[in-house]
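Visitor: Could you walk me through a structure, one residue at a time?
Guide: Gladly; here is the one to look at.

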Amino acid sequence: MKNDKLQKVLDEKTDVSSLKLSRRELLETGVISFAARVAVPGAVTSILTMGSKAVAAEGGPMIPFVTLSLSGGAALHGNFVVKDKGNNLLGAYTKLGLGKTGFATEKVMGADFASSSQLHKGIKSVASAATLGKARLVALCTDTANDTNGQAALRPFYDLSGPLERAGLIGKVLPGVHQGAGSENIRPVFSAPNSSLELASLDNMFGALNYSSTLADNGILNAKQKRTLASFVAKMTKSQVSKLNSKNDGLKLALQEAGVKSGDIIAAGGASGVDPRKDTIVQNVYKINTATAANNATAVTAGVVYNALNGNIAHGRITLGGYDYHSPGVRTAADAKDFAAGVQIGNMLELASQMKKPLFIMVTTDGACSSEVSDTSSSIWSSDYSSSLQFIIAFDPNGKVTSSGTQIGHYLSDQSVDTSTLVGSRPDYVAAAILANYLNLNYKMGMFKQLAPATLQADDVEKVVKLHVA
């Protein structure tokens, strides 16, 4: 690769204004794409730092991964029916919002939900029975600190975007994207992602995607050049990225001297398969249209999921606030929040189904709630509770996903999580268990030890992997 001149840009003592590159050299090294990305306002760091492990993506496409983060401590055990060590019902659910035993249940994605559950009602309100029949849900019974600011050792550090990138889940043109940063409740585990792009509007994403997709869609870069670009970006240090970000006239000036202007690149074409408002399937699932505002929350959510399914982004995360919903009064507000979370899950699954794409969903929350002790399933959530659940859901359009159980860990007879299990009190083990299930579905279990070091041993992994390919 002819990148000797380009490398000088990154040397601490080199003035980028002295760089002279021909158009042929720019094309050969993939710098045109690289430089175009530099010119994107507001997305520079996200684009430049996404390539750290990009070459790993050559192993083949991985299942799209989307995280739904419920900030504040959702009472998921007031929806999913938790079991004991022997997979039997508890003696009572009077503190878990379901009352005494004997309540009606329904199978959803192979798992038992209380018929009174608003979460599963939200899911079923938008996802067809055929779709749900091809999905499997597993709950992890964990003890977590209450709310985001709880005890540090027990906070749910379940942002897996770093190890996912290292495993090869790389977006075609963007790193991970995140909607709802203002309500964030999780942190990176094992390794941080190279970057993430915060989305308040679809425009945040289009500015970056249009530059990259223009080049990719029009064949200016061949496969070898794309690999070269990925390899080059992977070698950049944070200080080098910072240096380039601070020099707005660096590669832009080099492009102009080579006779290539940003406007010429943009005029070459536009990104396709990016705007969810222009896709009829997304329109039908998310009830949006071409006139929906770019900053409309539903449109942004649809954009995250749609681009994850299309492989444009590495990992999508959607954070919903307001799940610290224990307060005096009726349970109506909390039920409405659970229903809304269910709609989010159902929409993701239905979109994946109609697009005929596989999907892996992680539903995470920081803590939970306990209800007033009552024999009824309508008692209010009265206080924070550290016994909590996290969900993982796998969908395959061909129905090839199976589960060897619907629960990892368990609850005790006093209606609390057994903290002695592998996932009972170690957030890093919880994250490792989730990662192991995802890797298993992607036939990449051989990477587990290097991605989640000092956690689960071989025998432990066998105990926590519940999702399989038929």
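This is a predicted model: local features need pLDDT of at least 70, side-chain atom pairs count only at pLDDT 80 or more; totals for chains, interfaces and linings use all residues.

Guide: Residues are numbered from 1 along each chain as its sequence is written, and side-chain values use heavy atoms, with hydrogens and water left out.

Visitor: How many salt bridges does a search of the whole structure find?
Guide: A salt bridge here is a side-chain nitrogen of Lys or Arg within 4 Å of a carboxyl oxygen of Asp or Glu. Among them is the pair Asp275 and Arg277, at 3.0 Å from N to O. Searching the whole structure gives a count of seven.

Visitor: Glu106 has a salt bridge partner; which residue is it, and in which helix?
Guide: Glu106 sits in strand S4 (residues 105-108), and its partner is 18 residues away. Helices (H or I, at least four residues) and strands (E, at least two) are DSSP runs, numbered from the N terminus. The closest N and O atoms are 2.7 Å apart in this pairing with Lys124. That partner lies in helix H5 (residues 118-126).

Visitor: Is Asp275 buried or exposed?
Guide: Buried means under 20% relative accessible area, exposed over 50%, and partly exposed in between (1.4 Å probe, protein chains only). Asp275 has a relative accessibility of 11%, so the word for Asp275 is buried.

Visitor: With which side chain does Gln179 make a polar contact?
Guide: Gln179 belongs to strand S7 (residues 176-179) and is buried, with a relative accessible area of 11%. A polar contact is a pair of N or O atoms within 3.5 Å; within protein, one must be able to donate a hydrogen and the other to accept it, and residues adjacent in sequence count only if both atoms are side-chain atoms. At 2.7 Å, the side chain in question is that of Thr301.

Visitor: How far apart in space are Val363 and Thr67, C-alpha to C-alpha?
Guide: Val363 is part of strand S10 (residues 359-365), and at 1% relative accessibility Val363 is buried. Leaving out residues up to four places away in sequence, Val363 is in contact (heavy atoms within 4.5 Å) with residues including Leu68, Leu70 and Ile345. Val363 and Thr67 are 296 residues apart in sequence, and their C-alpha separation is 6.0 Å.
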